[in-house]
Structure formats: C-alpha cells, structure tokens
Amino acid sequence: MSETQESLTQRVEPIHAGAHVIAARFIGDELALVLADGVVIIGSHGTRLHPHGEAGILVSAADDTMLLTGGDDGKIVYTRVDGSATILGDEKGRWIDAVAIGASGAVAWSTGKKVVARDGKGGLKEWLAPTTAQGLAFAPKGYRLAVSHYNGASLWFPNTEGKPEMREWKGSHLDVTFSPDGRFLVTSMQENTLHGWRLADGKDMRMSGYPSKTRSFAWSHDGYWLATSGADAAIIWPFKDKDGPMGKAPRECGVRHSKVSAVAFHPRALVVAIGYEDSCILLCRLTDGAELLVRPAKQEEGRVTSMGWSKAGHRMIFGTEEGAAGVLTLP
Amino acid sequence: MSEKIPVTVLTGYLGAGKTTLLNRILTEPHGKKFAVIVNEFGEIGIDNDLVVGADEEVFEMNNGCICCTVRGDLIRIIEGLMKRKGKFDAIIVETTGLADPAPVAQTFFVDEDVSARARLDAVITVVDARWLKDQLKDAPEVKNQIAFADVIVLNKIDLVSGEELADVEKSIRSINAYATIHKTTRSAVSLDAVLGKNAFDLDRILDIAPEFLEDVHVHHDDTMQSVALTLSGEIDPEKFMPWINEFTQAEGPNILRCKGILAFKDEPKRFVFQGVHMILDGDLQREWKPDEVRQSKMVFIGHHLNRAAIEKAVEACRV
C-alpha cells in the first residue's frame with residue numbers, strides 16, 4: 001500500500017479552538033469542544049458559548065444528549081445542543097475536581113472531599129469522602145457512584161442510608177471507570193499504574209509497567225477491552241474472561257516514539273483512536289494491528305487531550321493542549 | 001515546550017507575617033501576574049485575581065521510599081492552572097503555619113507532570129523575631145520551616161533589641177547554615193530578595209559559606225542542625241558518589257536539605273549537588289577559575305545528624 005492510501009489526513013477538517021481543549025465530543029450528531037478558557041463550541045457552525053461566564057472550565061463529561069461542565073467558579077452547568085444551559089450546582093467558587101453522568105439524567109460532581117449526586121428529578125445527596133475525591137464514575141446499572149481517592153475507591157448508593165463500601169489499595173487513585181458489564185472497577189494511580197477490583201469478590205488486579213500516569217481510558221463497544229494512555233503505545237487490557245486481565249499480557253497498539261495521551265474506541269468496531277503527546281493521531285485495528293494516520297505529529301500543537309466518536313462511528317472529533325482541533329470523517 | 005512556571009513556596013509559623021509578605025508581593029508594581037495557592041480559603045483577604053484554595057493533603061508515594069511524600073492537592077491544582085496558560089507568570093504557594101515544607105518541595109521533583117511544567121524557585125520562610133526562641137522550644141514545625149528555607153525573612157525586628165536580634169539570628173544559623181537572611185519590619189523586603197531566586201537550580205549554587213558556623217556553637221540545637229564541611233584537596237568521585245547515594249537513602253528521613261560544591265579528581269569543572277530527603281540531583285557546572293581554591297564544601301541540614309560520622313565518611317572520599 002502506498003503512503004497516501006494509508007492516510008486519512010485529507011479527511012480531517014480543522015477547527016480553530018484557540019485554547020486548551022478539555023473535551024472533544026459528539027452530543028447526538030452535534031460536535032462539541034470544551035475549552036479551559038471557559039468557551040464551549042457547539043455544532044457545525046461553531047457557535048461559541050460561555051456557560052461559566054468569565055470563569056474557566058476544569059472538567060467535563062458528555063453523553064448522547066447532554067454536556068456537563070465544572071468550572072473554577074464552582075458551578076456545574078448542563079449545556080444542550082441548542083445552546084441553552086442550566087446551572088445544576090454551585091459550590092461557591094471552589095474548584096470542581098470531577099464530574100460524571102449516569103443513566104436517566106443523573107449527574108455527580110465533587111470539590112475537595114465533598115461529593116454530590118443529583119438524580120434525574122433534581123434530588124440532591126451529599127457524601128464526604130475520606131480524602132479528596134479525584135475521580136467519579138456511575139455504575140452502568142443502578143444509581144451507584146464510584147469515587148476514587150487516597151488509599152482506595154468507594155462505592156456509594158446515594159439513595160441508601162448505608163455507608164459507602166470502600167475498596168482499599170494503598171496509594172493515590174486518580175480517575176475511575178466501571179467495565180460496561182459492571183463486573184470490574186479500574187482506577188489509574190499516581191504511581192504510574194492501574195488498579196482493578198473484581199466487584200463480585202473484591203479480588204485485586206494490578207496493571208503496571210507504565211512510564212507515566214494513565215489519564216485516558218476507553219472501553220471497546222463489546223466491553224471486552226480497556227484501552228489506556230501513559231505508554232509509548234496504547235496499552236489494551238483484555239476483560240472478557242472472568243478473571244479479567246489477570247495473568248494475561250495486554251495488547252500494544254500504535255507503538256511510536258511519543259507517549260499516548262488520549263484513547264477513544266470506535267463505537268461499533270474494534271478500532272481504537274490513539275492520540276499522542278506530539279499531537280499525532282492514529283487509528284489502530286485491534287484484530288491485526290493495522291494502522292491509519294489521521295494526523296501527523298506537530299509538536300507545537302501540544303498533546304492530544306481528548307477524542308470522541310459520533311454515535312454511528314462515521315466521524316471523530318479531537319482537540320489538543322495548544323488549542324488545535326478537528327473532525328475526521330471516515331470514507 | 002514553553003518555559004517552566006516558577007513556583008515560590010511561602011512558609012512561616014502562625015502570626016509571623018506570611019500573609020503580609022504575600023500581599024506585599026502581590027501589590028508591588030511589578031507587572032507580573034501571579035496564581036496564588038492558599039490554605040484556609042477566603043479567611044484572609046488576598047489581593048489577587050487568581051486565588052485557589054488548597055486542602056494540604058499529604059500523600060505518601062507508594063514507591064518504596066518511606067519519606068517520599070507529596071501534596072496531592074497541589075498536583076491537581078497545578079494541573080488545572082496549566083490549562084490556563086497566559087493567565088499568570090508565576091505561582092506562589094502559601095502553606096499553613098503548621099505545615100512541613102518537604103511534601104510541597106518534593107511534589108516538584110516527584111510528579112512528572114508537575115515537574116514538566118513548573119519548577120520550584122525557592123522556599124521562603126517568614127520568622128517572628130520576637131517569638132522565635134519560644135517557638136523553637138514548643139513547635140517542631142518552626143525548626144522544619146527554618147531548616148528548609150532558601151531565604152529567611154526575619155520579621156518584626158522592631159519588637160526586639162539589637163542583642164536579642166543577634167541572638168535570634170544565631171539560633172537560625174545553628175539550624176540553617178546557608179539561607180539568606182533579610183531583616184524586616186512588617187515583612188518589608190524587596191521583591192528580588194524573594195522572587196526569581198532559582199534556589200533549586202544547580203547552576204545557581206554558586207557558593208556555600210559554612211565558615212559562618214564556626215562561631216555559633218553557643219546555640220547548638222539538639223535535634224536539628226546543619227553539618228557543614230570544607231575539605232581542601234580533591235575528592236574521588238568513585239568513592240563519593242556511592243557514599244552520598246547510600247547515605248541519603250539510609251538517612252533520607254532525617255536529611256531535610258543538602259547542598260554541595262565539590263572538586264573532583266582530574267575534573268576541570270565544579271560538581272554541584274543538592275537534595276531534599278532522599279531525592280538527589282547533581283551535575284558538573286562551570287570550570288574552576290584559575291584563582292579559585294579547589295576545595296569542596298557541603299552542608300547537610302537535618303535531625304540527629306552525626307557530624308563525626310559524616311566527617312569521617314567524607315574524609316574517606318578524599319583522593
């Protein structure tokens with residue numbers, strides 16, 4: 001195959017974001033870029049919104065219908081694709097450290113040790129984590145929230161009185177994610193490693209060997225694979241068997257001389273988009289390791305911070321640390 | 001990659017004048033924009049646009065190094081700040097009066113994301129001239145803060161006599177042999193005395209003046225001290241490097257800071273090193289000048305340091 005046939009670079013439409021891209025997502029069929037300077041760009045016309053006024057945005061989460069942002073003004077804002085916005089919470093100027101979206105309109109956010117869950121009807125529940133809540137993730141089923149913190153992660157049912165169940169593991173846990181079947185909980189750690197628990201019996205799983213921290217996770221559409229950033233290739237752990245990745249070697253996709261900074265699995269195929277610190281993006285097919293170039297390295301545009309696929313998987317949006325962004329449309 | 005953002009750490013016991021110094025730094029007409037990280041958010045008026053509240057959460061790194069602690073909240077805040085490039089030129093971290101500066105300093109060496117974007121400029125400790133002697137008896141934190149300092153702002157000198165001041169200065173010197181001391185009232189010190197010091201930059205360790213120690217035996221502190229050594233002649237790196245690595249690994253929890261300038265055998269350049277607990281950094285610097293005496297100087301600041309043992313070990317490294 002010639003170089004041109006292997007490349008999708010001609011199919012990328014650039015977008016000038018102009019500030020650090022926190023999240024690049026599709027909300028339904030509309031593209032959305034969340035920027036650290038407080039701007040949210042929505043839709044193909046590039047409408048620029050300021051859901052947090054003059055303040056900056058620190059964290060974001062999105063699903064098919066909603067975009068959630070947490071700012072350095074302490075506000076949690078729900079923005080719709082028509083540009084309308086609703087303030088769901090206000091922590092009075094305290095930085096919002098994490099946000100998450102669950103089923104049926106439920107959302108959660110945290111600032112310091114304080115974790116707030118808001119159900120789809122607007123009912124609020126609050127819990128104080130033992131130390132700062134670093135990451136939040138809703139379980140795929142039921143109104144249940146995982147909170148990662150120092151020395152472990154806690155599982156909280158906001159609508160029950162009982163104390164959250166803590167899964168202990170020494171060290172500082174950063175981001176947290178449930179496997180799509182709800183069997184496993186995985187955190188990234190300060191010590192350049194991942195930790196996992198099989199929830200049925202609490203069995204610990206260590207996934208180590210990373211040269212830097214993992215700050216991006218992505219589950220494959222079938223739920224059998226977890227792609228992770230933090231190494232010179234996307235490290236992809238198998239979760240199909242009952243023991244998850246225990247005793248198995250991970251796949252390595254897209255080995256390059258630059259660290260992977262973001263990963264995003266295609267919503268319908270075993271293809272993973274891999275973004276690197278030098279701004280390069282590759283698509284990699286898990287079955288045979290075949291690679292397609294989406295975007296060549298451009299060191300000055302900074303690391304790829306976020307990537308997101310449209311629901312059908314025809315388009316993918318991305319953004320970088322230095323404010324470059326674009327949309328790939330597959331042939 | 002753009003320039004690393006300089007970070008100044010401001011410590012000092014309760015009531016020493018930290019916040020006064022901070023507000024002085026912020027309001028001087030310097031044209032600089034600061035991001036300020038403070039504890040006890042909102043309690044004291046800080047005159048700045050970008051003020052972030054911190055929890056001072058100290059985490060042990062799960063990496064087998066027992067004294068390797070970092071400030072988890074600081075990692076998160078700096079990560080957040082770095083997304084807003086252009087909003088500020090420098091960061092000031094104000095710690096609580098009871099804080100140990102070590103986890104703050106170590107955060108800038110241990111966390112790769114932080115060290116890639118920010119660099120520790122200096123640890124500034126504000127000291128209350130009137131109450132220091134009492135605090136040294138009652139508050140172990142004060143000793144830590146003095147021991148850790150690159151710059152000491154000896155404040156409230158208008159409240160003590162000349163004799164008392166000299167006495168306080170000796171107490172400080174018995175703990176920290178190399179910090180620069182500025183005597184002030186109402187924390188009035190020029191900005192270039194506290195900002196842009198590059199104290200953690202190996203290239204800026206130009207001189208160490210341990211001679212000063214010779215006349216401070218009067219106020220020798222029992223638990224915290226500086227061990228300063230000057231050796232004429234040359235040192236054998238084949239002997240010294242294994243020793244310093246072993247020594248800082250074994251005594252790391254007790255060694256707060258160390259610095260040294262060494263004359264290695266057959267080496268035309270000066271070797272400089274510095275460390276925080278077990279974290280050690282060293283490199284060859286500029287060449288020895290023809291008129292310079294090729295001698296080695298080093299200072300170790302910490303708890304329960306065995307001066308005789310250190311002297312003996314270093315002697316054994318001579319050519």
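Helix α2 of chain B, spanning residues 72-81, is mostly covered in this predicted model. Of its ten residues, eight are buried. Strand β24 of chain A (residues 260-265) has six of its six residues buried, so this strand is largely enclosed by the rest of the structure. The model as a whole scores ipTM 0.91 and pTM 0.89.

**Helix α2 of chain B**

- The buried positions of α2(B) include the run B:Gly72, B:Asp73, B:Leu74, B:Ile75, B:Arg76, B:Ile77 and B:Ile78.
- B:Leu81 in α2(B) is buried as well.

**Strands β24 and β25 of chain A**

- The partner of β24(A) is strand β25 (residues 271-276) of chain A; the two run antiparallel and are joined by five bridges.
- Together β24(A) and β25(A) make a hairpin, with five residues between them.
- Within this pairing, A:Ala264 is placed opposite A:Ala273 of β25(A).
- In a regular strand, side chains alternate between the two faces of the sheet.

**Domains of chain A**

- Chain A is divided into domain 1, made up of 1-96 + 210-239 + 248-331, and domain 2, made up of 115-182 + 190-208.
- A distance of 23 Å separates the C-alpha centres of domain 1 of chain A and domain 2 of chain A.
- Their contact involves 15 residues from domain 1 of chain A and 14 residues from domain 2 of chain A.
- On the domain 1 side of this contact, β9 (85-90) and β20 (217-219) of chain A each supply at least two residues.
- By class, that side of domain 1 of chain A consists of seven nonpolar, six polar and two charged residues.

**Contact between chains A and B**

- Chain A contributes 20 residues to the contact, and chain B contributes 16 residues.
- Strand β16 (residues 165-178) of chain A provides the largest share of the chain A side, namely three residues.
- The chain A side that touches chain B divides into five nonpolar, nine polar and six charged residues.

**Confidence in chain B**

- Chain B has a mean pLDDT of 87, and 91% of its residues reach 70 or more.
- Confidence in chain B is highest in strand β8 (residues 151-155) of chain B, at a mean of 96, and lowest in strand β10 (residues 224-232) of chain B, at 84.
- Residues 211-219 of chain B have pLDDT below 50; beyond near neighbours in sequence, this stretch has twelve contacts in the model.
- Where pLDDT is low, the predicted coordinates should not be read in detail.

Technical notes: Residues are numbered from 1 along each chain as its sequence is written. Chains are lettered from A and ligands numbered from 1 in the order in which they are written. This is a predicted model: local features need pLDDT of at least 70, side-chain atom pairs count only at pLDDT 80 or more; totals for chains, interfaces and linings use all residues. Domain bounds come from an automatic or database domain assignment. Two residues are in contact if their C-beta atoms, placed from the backbone, lie within 7 Å. Helices (H or I, at least four residues) and strands (E, at least two) are DSSP runs, numbered from the N terminus. Ala, Val, Leu, Ile, Met, Phe, Trp, Tyr, Cys and Pro count as nonpolar, Asp, Glu, Lys and Arg as charged, and the others, Gly among them, as polar. pLDDT is the predictor's confidence in each residue, from 0 to 100. A residue is buried if 20 or more other C-beta atoms lie within 10 Å of its own, exposed if 12 or fewer, and partly exposed in between; C-beta atoms are placed from the backbone. Two strands pair if DSSP finds at least two bridges between them.
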